[in-house]
Amino acid sequence: MRIFPARRARVCAALSALVVAALSPMVAVPTASLIPPAVAAEKPPDGAHQGADDPGDKVRIKLIGLGNLRGHYLETSGYNPETEEYDPFRDYGLIGIDCAVRGVREDFPNTLVVSSGGNVGASPHTSSFVQDQPVIYGLNAMKLDASALGVHALDGGVKDLEDRILPASDFPILAANVSGSASLSAEGSGRGVFIKEVDGVRVGFIGVVTDELPVRTLAANREVLSVSPAVATANARAAELKDGNPANGEADVVVVLSHEDMASTATSFSRNVDAVVSGRGAGEYGQVVTGFEGNPIAVVQPPKYGRSFGDILLEYDRTTRRIVSSSAENMWIGQYACRSYSPEIWNKTWE
């Protein structure tokens, strides 16, 4: 088995036919829901944190998490040379991701789409050849709200990050535990934090990159940067966002975007952190965990290449000013009924 795109022209033609065939029925399903309303809005999955049914003015906020796209903007399929047939899609690419995101937002207006980093770099030739521009363009078109800094965003060095990647990205790229780059520190609301208001609720995002950045990046590519411990930095920023002091920024809900594997850090976040969208390796993670202060934290780590979304649902009570229920799981993109896609992303992907 090998991964498409193949080199032979007949393979390209077959994939094109497969893409058109696959998209046609997806667009023609106007009434299907991408996230079943009973699951997404009413009944958290098993293992979710369900708070007391307190009366009050409650707001439900959905977080859709992406991680480690690594330039995979094309749909890909497994080709079997023995049968000369294709397996179903392995990667849904930007067209499929955008189509699903549009449906989620349509079903659930209070949706924020974020990334744990790894959007660019370590990418296949079809993407690296054009400097991962289709991925950046596609994430802009689908209005990604925020992203953590990924290790491979520094593959071209700090200057490439500052002069090309940051200006080209319409979303803030956050790295609260990295200093030495004025451009990076100025992203979002500053100091690795971005605050966005959703239905009157201030959601604060804190981006951190793995502590292993110094050993995962060439010294020449990070010579001016210093890296602080990711979890400790995230906890410190979260405390500031909930300390009641407007001078350092305030948020009702705090979400950490962590470019790190959650298997080792999920329970290390403080009571000021409500949710974590993570991811650096290939592992998956999706559950509500207990932080070291006895606090529930909704944590997702979706698999690479956009094959699944991390799906977090938070219910915030404006009266008590706290999260009263939360759920976390990974949702395979193949189970969504796609209703529409962006012509902009289609054209940019295939031009």
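**Cavity, pocket and cores**

Start with the largest cavity: α5 (133-141) and β7 (146-148) each supply at least two residues of its lining. Helices (H or I, at least four residues) and strands (E, at least two) are DSSP runs, numbered from the N terminus. A word on origin: this is a predicted model, where local features need pLDDT of at least 70 and side-chain atom pairs count only at pLDDT 80 or more, while totals for chains, interfaces and linings use all residues. Residues are numbered from 1 along each chain as its sequence is written, and side-chain values use heavy atoms, leaving out hydrogens and water.

Back to that cavity. Helix α5 gives the most to the lining, three residues. In total 16 residues line the cavity, with N119, V120, A153, I165 and I173 nearest its centre. Nonpolar here is Ala, Val, Leu, Ile, Met, Phe, Trp, Tyr, Cys and Pro; charged is Asp, Glu, Lys and Arg; the others, Gly among them, are polar. How big is the space in the largest cavity? About 110 Å³. A cavity is a set of points, on a 1 Å grid over the protein atoms alone, where a 1.4 Å probe fits but cannot get out. The count comes to two cavities of 30 Å³ or more. Volume is the space filled by probe spheres set on the points, which are joined across faces, edges and corners.

Now the largest pocket. A pocket is an open set with protein on both sides within 12 Å along at least five of seven lines, and lining residues have an atom within 4 Å of a point. Its volume is about 350 Å³. Of its 17 lining residues, K242, D252, D274, R321 and R322 lie nearest the centre. Strand β18 (residues 322-332) brings the largest share, three residues. By class, the pocket lining has six nonpolar, four polar and seven charged residues.

Last, packing. Nonpolar side chains tend to be buried together in soluble globular proteins. The largest nonpolar core here has 36 residues, and I97, L139, L161 and F309 have the most contacts inside it. Such a core is a set of buried Ala, Val, Leu, Ile, Met, Phe, Trp, Tyr and Cys residues joined through side-chain atoms within 4.5 Å. Buried means under 20% relative accessible area with a 1.4 Å probe, protein chains only; contact means heavy atoms within 4.5 Å. Helix α3 (93-107) supplies the largest share of this core, six residues. Apart from it lies another core of 26 residues, including L174, V198, A275 and L314.

Over the whole chain of 351 residues, 54% count as buried.

Note on methods. Buried means under 20% relative accessible area, exposed over 50%, partly exposed in between (1.4 Å probe, protein chains only).
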